[in-house]
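Here's a quick briefing to read with the structure open beside you.

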Amino acid sequence: MAEALSAAALDERVLSFPERRPPAAWFAAFAFTSSAMLLGFALIGYTVYMGIGVWGNNRPVGWAFDIINFVFWIGIGHAGTLISAILLLMRAPWRNAIARFSEAMTLFAVMTAGIFPAIHVGRPWLEFWLAPYPNQRGLWPNFRSPLMWDVFAVSTYFAVSVLFWYIGLLPDLASMRGRAQTPLRRMALTVLSLGWRGTPQQWRHYEKAYILLAGLATGLVLSVHSVVSFDFATSLVPGWHMTLFPPYFVVGAIFAGFAMVVLVLSAARRLMGLEDLITMRHLELANKVILGCSCLMGYSYACEAFTAWYSMNPYIQHTFMQYVSGTYGWAGWIAITCNVLVPQLFWWRRMRTSQTAMIVVALAVTAGMWFERFVIIVISLYHDFLPSSWHVYQPTLVDFGILLGSFGFFFTLVLLFTRLLPVIATTEVKATLPGAQHEGGHHG
Amino acid sequence: MAEPTGPELSRREFLGVLGASAGLAAGCSRPDRGELVPFTRRPDGARPGTADFYASACQEGRNVCGVLVRTREGRPIHVQGNDRQPFGAKASLRAIAGLMDLYDPDRLPQPFTGGMASSWPAAEESLVSVLLEARAGGKPVLLLTGALLSPTRRALLKDLQKALPGLVHAAWEPALGGDPESAALLACFGDARRPRLRLDRAKLILALDADLLSGARPEEIAGFAANRGERAMNRLYAFEGGMSLTGANADHRVPWRPSRAAALGFALARALGRRGIPLPAGLETALAGFELGALAREQGVDPALLESLADDLRQAGSSALVAAGPGLPPQAHAAVFLLNAMLGAQGHTVDAAAAAPAEPLAGREELDRLLRDAARGKFAAALFWQANPAYAFPDAALWKAAAAGLPYKVRIGMHADETARDCHLVLPEHHWLESFNDFEPAADFLLLQQPAVSPLYDTRQGEDVLLAALRGLGGADPADYRHYLMERWRREVQPAGSLVPFERFWSAALHEGVLRREPVARPPRRLDPAAVARLAGQAAPLRAPGFELALGPADGVGDGRQANNGWLQELPDPITKLSWGNAVSVSPTDASRLGLVDGDLARLTVGKTAAVLPVVVQPGQAVGVLSAALGYGRAVGTVAGGVGTDLYPFADAAADAGTAVKLEKTGRREALAFVQRHHKMEGRDIVRSLPWAAHGAGSESKQHDLSTLYPPQEFPKHKWAMAVDLSRCVGCQSCVLACQSENNVPTVGAARVLRGREMHWLRVDRYYEGDERSPRVLLQPMFCQQCDHAPCETVCPVAATNHSDEGLNQMAYNRCVGTRYCANNCPYKVRRFNFFEFTAATPESRRLAFNPEVTVRPRGVMEKCTFCVQRIQEAKSAAKAAGRELRDGDIEPACAAACPAGAIVFGDRRDPESRVSRLARSARGYRVLEELGVRPAVTYLADLRNPADGGKDG
C-alpha cells in the first residue's frame, strides 16, 4: 500500500465519502441510470399487464432476452464471490482493497438477475407456487425440474452473499458510527452495526464466521452457475444437452464478472480518487484472471465444436453450424471475437496496465458474454429437431428497454452504494498497512 | 326527526304490497309476444350437460355434404360428417368451419331499408309492392343466386315464376367462371350432368389440373385413400401448373402448363389408339396433330414418362379415371371425356348414372347480357341471393353500370357485404345451421338440412323471403318454407303407396339426414365423337412463351363467401403454408430470372387489369405458370376486410388464352404469415416414404430400443395411443379445423402468426425433397405425441404437466405459471403458449361456439393436444352407464372423426387386438424422433408411393 497512507487518512478518505455531498458527475450518472431503471420497470409493468407477447419470444424460441439477461447477470455476480471468498481462502492479500466493491456488485447483479425469472413467466402472480410451502392442496413443486434447482441455487447464493457482505461490513459500519455527525445517522449506524465494539472476542467470532461463510460461498461460486447451466444441459435441445456446460458456465461467469469488476473499479477509483487504494496492480491481476478465463472460453468453444463433430449427431451438428453461420452466425462471431480474441491483448503487460485498453477489453467481454448467452439460448432453440417449426426470433423494443432497465437498476444500486457505504473494507486494508499487525488485524 | 306524514305502512304491509306488485308485473304479458311462460320445467328433449346430434347438410358451391351437428344446451358446437350418407363421407373443411359463420358477430341482426334499421313486415311490404308494380308494368325482375342444388328450392322458384312471369333467374358460382366443364358436357353428351368420380374404384388416376384431394372434397379423398395401403394401391399421375394437394400426393407429378392440358389429353388418346384401343370414328384425322413425343419435348418432360403413362392407362382400362380441373377450357374436358370413354371408365370410375340432375349455371355471356340489360334499365328490380356480384363479378365496370341501372336492389344474405352496400333493401338470412332444406347431390340419395339452433337474430331463411313474395303476389300460401318442404316431400318424395304415415317417414328422414332411393333409370349417355373432333380442332394452339395465370378458389376461404371466418383465414394453404392472405405462386426458375423471393411484392398485369401482390416461390410450379387463390381481398368484414388481394378482376383475362400476363418486381416487400418457413427435412428421419413395390420386403422399420434407468411405467387400465397412416393422409387439414372447433383453440391473426404464435394444436407439416423444379412433397400431421418419457413433464417446476396412468401427457391449465420450459424441451414443438389473452378477446357471439367440455385457457398458460381427453371421459361414462367395457372404436378424437381418409386411428395399446395396436406393429410403423428416448405414443405408418418404375429413384 502507499506509504503515505495512515490508518486515520484511510478512514478519512473512505469513510468520509458517504458523508460528503456527491459531486455533480454522480448526480448526472444517477439521473441517467435511474431513468433507465424506471423505463425498465415501466416496461415490466406493461409486460405483466399485456402478456409475454409484447416481447419477441415465440415458438420455438420460448426463452430469449429474459433468460439471456438472467444468465448474464448471475454470471456478473460471480467475480465478487470469487474475489471475496476464494481469494480470501487462498490468502491473496491484494483482494482486500477490491473485495467490498466486488461483493456489492455480486449482490446487485444477483438482484438484477432475480428480476428475470420472476417476470419471464406467463402468470407472475402465481410465482409463489415455485416455493415449496405446505398447503392444504397438498401440492408441491416438481423437484425434478432444473428451474426448481435454480430457485434453490440462486436464493441460497443470494442469502450467503448478503450475509458474507454484511458481516464484512460490520467493523466499517461501527467506524462510521463513530464519525456520525447527526443523531439520525448515528442511530441508523448503531442499529446496522449490531453493537460492534471491536473487542477481541468479537474479532474472534467475526473471523470464524467470515472464514466459514467464505468456505460456503466458495462452493457456491462453483455450484450456482453449474445449476444454472443444468437448465440447459439436462434438456433435450440440441446445443444445450452437453456435459461441458457446468464448467463452461462457471468459467464464463467468472470471466464476465471480472470484466465488470474492472469496468466499475476503473471508473470508481478515478471518480472517487481512490487510485492509491485500488491500484493498477489490482487491475492488472484482475486482467490476468480475464486472460486466463478467455483461454478457457476458447477451449470451451473448441470443445463444443469437437463434441458436435465427434457425436455424429446431426441435430447437434446442425445447431453448431448455426452458431457460426446462418441467420444468427454474426452473434456467434461476436462472441468468439469478444471473448476469445480481444482479451488476448492481455498477454502484453502494457495492455494489462493500460486504463484505456482494459476498458475496451472489459466492454468487449461484457458484450461478448451477453452474445454468448444469446447464441446458446436463441440459436439452439430456433433450429431444433423438426425443421417445420424453425422460426427466426426478433426482439421487440420492449425487450431492449428491459435490458437497458436492468443495466439501469444495477448501476443505480452501485451508485447508491458508493454514497451510502464504505466502498473499501477499511479494517481489512488497515491490516495490510505497514506496521498494522498490532491493531488486531486478522490476516496475520 | 320528522314524523312520517303519509299513512303508516308497516314492514309486513310493505312486503305484501311489494309481492303483489311483482306478481302483477309478472302476470301482465306483452300483447305482441303472447303469454310469457316461466322456465319452471325443462323443455322436452333438452338434457343439460349432454350433447345432442342433429343430421343436417351443408351446401358449398356445387358440392353438398351431409353433416352431424353436435349441440350443447341448444347451441351447435361442432360439425362433423354424417356417416349415414353414401361413401361414408366426412364433412368438408368449410362445413366444419361453418360453425364460426353462424356465430359471426358481423351478421346482420335485422332487415335494413335504405341503410336504416327496419322490420320484417315493412321490408316485405316494400319488396312485394315493388314486385307487384313490376308485374303490373310488365317489367322483368332479375334474381341472381348461387348454384341451385335443392329440388324444393327449384320448385319454389318455379312457383314464383308462375306468379311473377317476368322473373329472370340466373345461377352463378364465381369461382367456376364460365363453367367450361358444363359447356363441354353439354357439347359432347348433350346433357350437363356431372358424373360422380369413383376414386374408390380407380386403380389408375390421371388428374389434369384437377385438385381431387382438397379439403372441399372429402368423398374423393375417402375413395383415394381406400386404395393406398399394403393390400391395394392405386397410382396417381398429376399434371398441373401450380402445386396442389393432388400433385403433392401423386406418384408422378409433372409440372405442366394448363393451356397444354387439352393437347396432352388428345395426344394420350392417340397413344391409346396405337396401343390397340381404337379411336372413335372420325377422330383419327382430328387428332393427327397431337403427338406425345412432341409435347414432351415442348414441355421439357421425359418422353418415356408420357409413354409409360399411356401404357399404364391401357393396362388399367376401365379401372382408370381421368379428371380435368374446373378451370380448364372445354377442349381439355372433351379430351378427358374421350379418354374415359376409350378406356371404358365411363360408367365405372366415371359414374354418370348416379349423377344429380344438372344444375344449369349461367355462362359468362348470359351474365354479361343480363347485366347489360340491367344497365339499360330493363329490369324493375333485382334480388341477389347467395351471390355477391359487387365483389366477385370480374367486370367491375359492367357491374357498376348495372347497379346504377337497377331501380330497386335487394340483397338477401348474412352480411352487409359489398353488394348489400349498393342495395335498397337488405334482408338478413339464416345461416344453414338455422335453416330447412333438401339437396340432391346424386341421383340415388337426398340430403335433408334441418336447423340445429333457433335463429340467433331477427333473420329469415332466403326461401321464406321468396315465399312471402309469393304470398304477396297471390300465389299459394304455405305458412313457411318448412311446411312447403314437407308438402313437397309428402307429394313427391315419399314413395307412392307407402304404408308408413308421412309424419313418421319425415321424422325418420330428418333423423337420418339422408334418404336413399332408387335412381331414375337413364339410358347410358354416349360421347359424340363429332363434338370432340370439333373441340379438338379448337384446342388452343401453343401459346406464345410468357406467363399464363391459373386462378382457383382458396383451400381455406374458398370463393370468398366464407372469408369472414377466422378459422378459415388462419388455416394455412396446405402447400404454401401461408395463412391470412393470398400470394401469386411463381416457379423457382421464373423467380430467379425475375429476381423474386418469397414476400416480394410484384405487379401482376393481365390485359388492362393490374394489381400488386406478394410472391411465393413455389417448388414444383410449372415454368411460365402463375397461380393464385381467389376469395381474398374482401372490402368488408371485421375479419375478412383487407386480407389478401382480390383476384376476381383477373378471372376473365386469365381464362382468355390470348391475353398477355406480366409480372414485374416492385422492389417492395411484405411480411407473409407463413406457419412453416423451412421446407426441407435436412436429411432427418421425420417423414418416411417407401416405394410400394418394395414394402414388406426387407423394409422392417428400424426400431430403437433405448434402455432406461427407470422402472417401467405401469398403465393398469388403458394405454391410449394413436396411429397415423401417412399413406392415407393427403394433408387436407380437416383434422386441423376439427381440432380447433373441438378444443376451443383461438385464432390469433396475421400479425401474431408472423411472430410464430399461432395456436393450432394439430398442424400438418409439409416438406419438399429433391429437385425444387419438381420436388417430392411429404406431409405429416403433427400434434402432441403423448410421450411416456415426456421431456416436458420433467422440466415443469410446478408439475402442471404430468403423466396419467392411462398414458396421457396431461396439462393442468390452472397450475401452469407459464415458464415455457416445457415448450423449449418439446422436440416436436407442439406446445402452444398464450402470449396474450386470446379467449377473453373472443367476441360474445363467438363464445357460443365454445365446447363446454374443454376449458378455455387464459393468457400466460401453455396448451396442447390432449388426445381429446373429454371424449375419452365421455365414452368411459357411456360405457359405464351401459354396464359394459369400453370397446375399440368407442373413442374417436375430433381429428380422427374428421379425417376423410381414415388416416388417424385412436385406441388402447393394452388391448393387443385393437386397431391401433395392430397398426403400431405394422412393418411400416415408426415413431418420429424415437431415438431421443421420449417414447412417443403416436405411431406413424410410412408413406407408400407407387411410381411406375417401382421407385428406383427413391
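Does A163(B) count as buried, partly exposed or exposed? It counts as partly exposed, because it has 17 C-beta neighbours inside 10 Å; the cut-offs are 20 or more other C-beta atoms within 10 Å for buried, 12 or fewer for exposed and partly exposed in between, with C-beta atoms placed from the backbone.

A word on ground rules: this is a predicted model, where local features need pLDDT of at least 70, side-chain atom pairs count only at pLDDT 80 or more, and totals for chains, interfaces and linings use all residues. Residues are numbered from 1 along each chain as its sequence is written, while chains are lettered from A and ligands numbered from 1 in the order in which they are written.

**Around A163(B)**

- A163(B) sits in helix α5 (residues 151–163) of chain B; helices here are DSSP runs of H or I with at least four residues, strands are E runs of at least two, and both are numbered from the N terminus.
- Setting aside neighbours within four places in sequence, A163(B) is in contact with L470(B), L473(B), G474(B) and G475(B), where contact means that the C-beta atoms, placed from the backbone, lie within 7 Å.
- L132(B) is 31 residues away from A163(B) in sequence, and their C-alpha atoms are 9.9 Å apart.

**Chain B overall**

- Chain B has 32 helices and 37 strands.
- Its radius of gyration is 30 Å, which agrees with the value near 30 Å for a compact globule of 954 residues; the radius is taken over C-alpha atoms, and the globule rule is 2.2 Å times the number of residues to the power 0.38.
- Along the principal axes, the C-alpha atoms of chain B fill a box of roughly 110 × 90 × 70 Å.
- Of the 954 residues in chain B, 55% are buried.
- Take the contacts in chain B between residues at least 6 apart in sequence: 74% of them join residues at least 24 apart.

**The seven-stranded sheet in chain B**

- This open sheet runs β5-β4-β16-β15-β14-β6-β7 (chain B), with mixed pairing; two strands pair if DSSP finds at least two bridges between them.
- At the edges are β5 (116–117) and β7 (167–171) of chain B, each pairing on one side only.
- Helix α14 (residues 364–375) of chain B packs on the sheet and touches β6, β7 and β14 of chain B.
- The direction of that helix makes about 140 degrees with that of β7(B); axes are lines fitted to C-alpha atoms, for helices over the stretch in contact, and angles run from 0 to 180 degrees between N-to-C directions.
- Strands β6 (residues 141–145) and β14 (residues 381–385) of chain B run parallel and share five bridges, with T145(B) opposite W385(B).

**The three-stranded sheet in chain B**

- Here the order is β17-β18-β19 (chain B), the sheet is open and the pairing is antiparallel.
- β17 (437–442) and β19 (514–516) of chain B are the edge strands.
- On average, neighbouring strands of this sheet are turned by 25 degrees against each other, direction ignored.
- Three bridges tie β18 (residues 445–449) of chain B to β19(B), and F445(B) has R516(B) as its bridge partner.

- β22 (residues 600–606) of chain B has D600(B), A602(B), L604(B) and V606(B) on its covered face, and L601(B), R603(B) and T605(B) on the uncovered one.
- Six antiparallel bridges join β22(B) to β25 (residues 661–669) of chain B, where L604(B) faces L663(B).
- Another six, again antiparallel, join β22(B) to β23 (residues 609–617) of chain B, with V606(B) opposite T609(B).
- The hairpin of β22(B) and β23(B) has two residues between the strands, and G607(B) takes a positive phi near 60 degrees there.

**Helix α2(A)**

- α2 (residues 24–50) of chain A has 27 residues and spans 39 Å from first C-alpha to last, close to the expected 39 Å, which is 1.5 Å times one less than the number of residues.
- Its buried residues, including T33(A), M37(A) and L43(A), pack against α4 (96–119) and α14 (397–420) of chain A.
- G51(A) follows α2(A), with a positive phi near 120 degrees.

Methods:
Two residues are in contact if their C-beta atoms, placed from the backbone, lie within 7 Å.
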